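These are my notebook entries on a structure that I looked through on screen. I wrote down what I looked up, entry by entry, beginning with the charged pairs.

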Amino acid sequence: MQIQKALAQANQENSYPKTGLGKNLAWICRLIKGNLNSKVYYTSLGGFDMHDNQLAIHKNKLSELNDPLFGFYTDMKNAKLHQNVTIVVFSEFERRVKDNRNGTDHGTAAPMFIIGGSDKGKIIANNPNISTLQQGDLKHQIDFRSVYATILQDKLNFNPSSIGIKNPVVNDLF
């Protein structure tokens with residue numbers, strides 16, 4: 001009932017790509033503009049587990065990610081809600097550096113993107129050093145759980161240790 005009410009209160013101002021992610025972000029945007037008052041929304045984009053023709057496919061997948069995100073952010077900005085929204089883009093698996101003749105294998109350490117109107121817009125780590133791999137994997141500089149702890153504490157006013165996250169927060173992320 002609350003979801004239908006929120007959807008009825010808001011319309012879609014921007015056009016989104018006619019993809020699964022585009023449709024999901026348009027729907028989430030309407031829920032936010034319709035005051036559903038949920039603290040967290042989640043959607044996903046699959047298809048990154050490719051091995052053959054990896055460069056071309058990855059380029060297309062990044063466009064499939066970028067275009068709906070841009071539409072969503074623009075919608076939030078036009079509605080003057082972007083300062084209240086934090087977008088977190090992450091991957092459930094990473095890639096190794098070395099080519100296995102069919103692309104690259106699953107690995108460790110990948111970027112996370114934190115996007116929001118009141119965020120500082122900065123890079124908080126360095127480019128990975130591919131000459132100092134750890135068993136063939138990139139070394140992560142910031143544990144993703146520290147980013148989650150920071151979001152919980154700074155954006156949701158929630159103590160991350162109360163749910164077992166003991167990682168330190170990332171200073172000056174927001």
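**Entry 1, a charged pair.** I looked up Arg 145 and found that Arg 145 forms a salt bridge with Asp 143, the closest N and O atoms being 2.7 Å apart. I note that the model is a predicted one, and I read each distance below with that in mind. For the cover of the two partners, I found Arg 145 partly exposed at a relative accessible area of 38%, whereas Asp 143, at 17%, counts as buried because the cut-off for that class is under 20%.

How many salt bridges does a search of the whole structure find? The search finds three, so I went on to the remaining pairs, taking Lys 61 next, because Lys 61 counts as buried at 12% relative accessibility. Lys 61 forms a salt bridge with Glu 64, and the closest N and O atoms of that pair are 3.1 Å apart. Both residues lie in helix H3, three residues apart, which is about one turn of the helix. Glu 64 is partly exposed, with a relative accessible area of 28%.

I then turned to Asp 75, whose side chain meets that of Lys 33 in a salt bridge, with 3.9 Å from N to O. This pair links distant parts of the chain, since Asp 75 sits in helix H3 (residues 54–78) and Lys 33 in helix H2, 42 residues apart.

I followed helix H2 to its contact with helix H1. The axes of H1 (residues 2–9) and H2 (residues 20–33) come within 7 Å and cross at roughly 90 degrees, which makes H1 roughly perpendicular to H2. On the H1 side I listed Ile 3, Ala 6, Leu 7 and Ala 8 as making the contact, and on the H2 side Trp 27, Arg 30 and Leu 31.

Which residues form a nonpolar patch on the surface? I found Val 40, Leu 156, Phe 158 and Ile 163, with about 350 Å² of accessible area together.

Lys 122 is partly exposed, at 41% relative accessible area.

Last, I noted the overall figures. The protein has four helices and four strands, and from the N terminus on its elements run α-α-α-β-β-β-β-α. The C-alpha atoms fill a box of roughly 55 × 40 × 30 Å, taken along the principal axes. Of the 174 residues, 31% are buried, and the accessible surface comes to about 11,700 Å², of which 52% belongs to carbon and sulfur atoms. Among contacts with a separation of 6 or more, I noted that 57% are accounted for by residues 24 or more positions apart.

Note on methods. Residues numbered from 1 in each chain as written. Predicted model: local features only at pLDDT ≥ 70, side-chain atom pairs only at ≥ 80, totals over all residues. Heavy atoms only, no water. Buried < 20%, exposed > 50% of the residue type's maximum accessible area, 1.4 Å probe, protein only. Patch = residues over 30% accessible without salt bridge, like charges linked within 9 Å, V, L, I, M, F, W, Y side chains within 5 Å. Areas by Shrake-Rupley, 256 points an atom, 1.4 Å probe, with all protein chains shown as cover. Salt bridge = Lys/Arg side-chain N within 4 Å of Asp/Glu carboxyl O. Axes fitted to C-alpha atoms, helices over the stretch in contact; angles between N-to-C directions. Helix = DSSP H or I, 4+ residues; strand = E, 2+ residues; numbered from the N terminus. Parallel < 35°, antiparallel > 145°, perpendicular 65-115°, else oblique. Contact = heavy atoms within 4.5 Å.
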